[in-house]
Amino acid sequence: MLLTAGACIGAIVGRQRQLSFPTGPEAPTTGGRICEHGPVAEPGTNRRGTPEWSDVDAHGGAERAAEALAAITGVPRHDVAVVLGTGLAEAADALGPALSRHGLDTLPGLPTSFVSHQTSEFRSLDLDGRRVLVFLGRLHLYEGYPPAQVVHPVRTAVAAGCSTVILTNASGSLRPELRTGALALIADHLNLTGRSPLSAHPEAPGLPSPFVDLVDAWSPRLRQVAHGVDASLTECVYAQLPGPHFETPAEIRMLRTLGADLVGMSSVLEAIAARQLGAEVLGLSLVTNLAAGMDPDGVSPDDIIGVGQDRAAQVGRTVREIVRLL
Ligand code: HPA
């Protein structure tokens, strides 16, 4: 959550650090505007919530964005996509030197609604011969984006060749023993958003079937690889709620009864979209807080971002080792 929030979230985020948007010979940068006041409509891109984000458009739009991505990066195909969640942007540095870095707004279909604590950037890098796309942020339902736009970066990455999608996020823990700072593996999910990125045109010809089998949505094979990198990773059920507000203690009790271990505001719709397209999905969730009602100090966006930033390098190293073993 929170990563690509518009002005409403920007207002509640106290710890807004001024992030630079580095450039240099080793990392040519294109675009990359940071806007503190919500999305900026660009010619040819969609405004949030507009009905033109039908599933038919979305798949074609992802193909076109993938073509643009290949042209921008000079890399015809990528292998692995990594999406970095709240506070985790600096994990990108631990993945290795970027061959190129670009503003997210250089990709057709991506708005520019980035608060000042966030780098609105994606990178292309080579990790032991694997071409890796790293998104330093994501779109969220709670910003008002429709599901098809929320999953646009992931669809674009798969259209660009990525057969593995690694989703990271920040979450609240429903299990007292799963403490702040712990990294967990998403083994299954509860989609409590009431939304699907596949619902617009279920029968549309030429599109992959929307009736996607979500047993093993979170790849058992990739989870094995992750366990090999970090034996302390705990397998968890992650519940995505729409947000942007946090939960009530009663809602947390309900989620626990439903079988959730972690709660957050992202990733599930992206995983569903990736699975529709046949990509393998790995989910890594950083526990940034105990869920509502479990900590007398409550839940604070500042603390969530702070824990993410403190743990970003370690998360990046874990992702790097997993990618090496793919
Ligand atoms: N609830 C919802 N989303 C979150 C939380 C939480 O406690 N922590 C980090 N993202």
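1. Is strand β4 (residues 121–127) largely enclosed by the rest of the structure or exposed? Five of its seven residues are buried, so β4 is largely enclosed by the rest of the structure. This reading rests on a predicted model, not an experimental one.

2. Confidence should be read alongside every point below. The protein chain has an average pLDDT of 83, and 79% of its residues score at least 70. Over residues 1–51 the pLDDT stays under 50.

3. On overall make-up, the protein chain contains nine helices and 10 strands. Of its 326 residues, 52% are buried. Among contacts with a separation of 6 or more, 85% are between residues 24 or more positions apart.

4. Strand β3 (residues 100–103) runs antiparallel to β4 and is joined to β4 by four bridges. In this pairing, Ser 100 stands opposite Ser 124 of β4.

5. Strand β5 (residues 130–135) also pairs with β4 in the antiparallel sense, over six bridges. Here Leu 125 is set opposite Val 132 in β5. The two strands β4 and β5 form a hairpin with two residues between them. Which residue in that turn has a positive phi? Asp 128 does, with a value of about 50°.

6. Ala 187 is a residue of strand β7, which covers residues 183–191. Is Ala 187 buried or partly exposed? There are 18 other C-beta atoms within 10 Å of Ala 187; a residue counts as buried at 20 or more and as exposed at 12 or fewer, so Ala 187 is partly exposed.

7. With neighbours within four places in sequence left aside, the contacts of Ala 187 are Trp 218, Arg 223, Glu 235, Cys 236 and Val 237. A further distance concerns Asp 216, which is 29 residues from Ala 187 along the chain. The C-alpha atoms of Ala 187 and Asp 216 are separated by 7.9 Å.

8. Helix α9 spans residues 301–324, a run of 24 residues. From first C-alpha to last, α9 reaches 33 Å, close to the 34 Å expected at 1.5 Å a residue. Where is the kink in α9 centred? The kink is centred on Arg 311 and amounts to about 50°.

Terms used. Residues are numbered from 1 along each chain as its sequence is written. This is a predicted model: local features need pLDDT of at least 70, side-chain atom pairs count only at pLDDT 80 or more; totals for chains, interfaces and linings use all residues. The expected span of a helix is 1.5 Å times one less than its number of residues. The bend at a residue is the angle between axes fitted to the seven residues ending there and the seven starting there. Two residues are in contact if their C-beta atoms, placed from the backbone, lie within 7 Å. Two strands pair if DSSP finds at least two bridges between them. pLDDT is the predictor's confidence in each residue, from 0 to 100.
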